[in-house]
Amino acid sequence: MANHKGSLKRIRQDKKKTAHNKYYAKTMRNAVRKLRATTNREEAVALYPKVQKMLDKLAKQNLIHANKAANLKSSLNLHVNSL
């Protein structure tokens, strides 16, 4: 265990940031799953911009890589257009 006050503070901050990042990453994965499972075109068209915005935000915050966000958006767009 760390002995310095700064190290203890950094551990506390890291726990909080990890929980925050895990929440948003899990929320993003669930949204992508929900969109992929959708078979109704109107529902998918309404849901796609929200998922796209979420992916862009997470890529901007470096929670996911920018290329991963682009690949997910592309595949989801193909899915929506195929309905």
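**View 1. The elements of the protein chain run α-α-α from the N terminus on.** In this predicted model, the protein chain holds 3 helices and 0 strands. Its radius of gyration is 17 Å, well over the 12 Å that the globule rule gives for 83 residues, so the chain is more spread out than a compact globule. Along the principal axes, the C-alpha atoms fill a box of roughly 60 × 20 × 15 Å. Among contacts with a separation of 6 or more, 55% come from residues 24 or more positions apart.

View 2. Of the 83 residues, 24% count as buried. How many positive and negative side chains does the protein chain have? There are 20 positive and 4 negative ones, and the centres of the two sets lie 12 Å apart.

**View 3. Helix α1 covers residues 5-37.** With 33 residues, helix α1 reaches 48 Å from its first C-alpha to its last, close to the 48 Å expected at 1.5 Å a residue. Which residues of α1 are buried? They are A25, M28, A31, V32 and L35. An α-helix has 3.6 residues a turn, so residues three or four places apart point the same way.

**View 4. A31 is a residue of helix α1.** Is A31 buried or exposed? A31 counts as buried because its relative accessibility is 15%, and the cut-off for buried is under 20%. Setting aside residues up to four places away in sequence, A31 touches V51 and M54.

**View 5. T38 sits in the loop between α1 and α2.** Although T38 is a loop residue, it is buried, with a relative accessible area of 6%. What does T38 contact beyond its neighbours within four places in sequence? The list is E43, A44, L47, H79 and L83.

Definitions and conventions: Residues are numbered from 1 along each chain as its sequence is written. This is a predicted model: local features need pLDDT of at least 70, side-chain atom pairs count only at pLDDT 80 or more; totals for chains, interfaces and linings use all residues. Side-chain values use heavy atoms; hydrogens and water are left out. Helices (H or I, at least four residues) and strands (E, at least two) are DSSP runs, numbered from the N terminus. The expected span of a helix is 1.5 Å times one less than its number of residues. Buried means under 20% relative accessible area, exposed over 50%, partly exposed in between (1.4 Å probe, protein chains only). Contact means heavy atoms within 4.5 Å. The radius of gyration is taken over C-alpha atoms; the globule rule is 2.2 Å times the number of residues to the power 0.38. Lys and Arg count as positive and Asp and Glu as negative; His and the chain ends are not counted. The place of a charge is taken as NZ of Lys, CZ of Arg, CG of Asp or CD of Glu.
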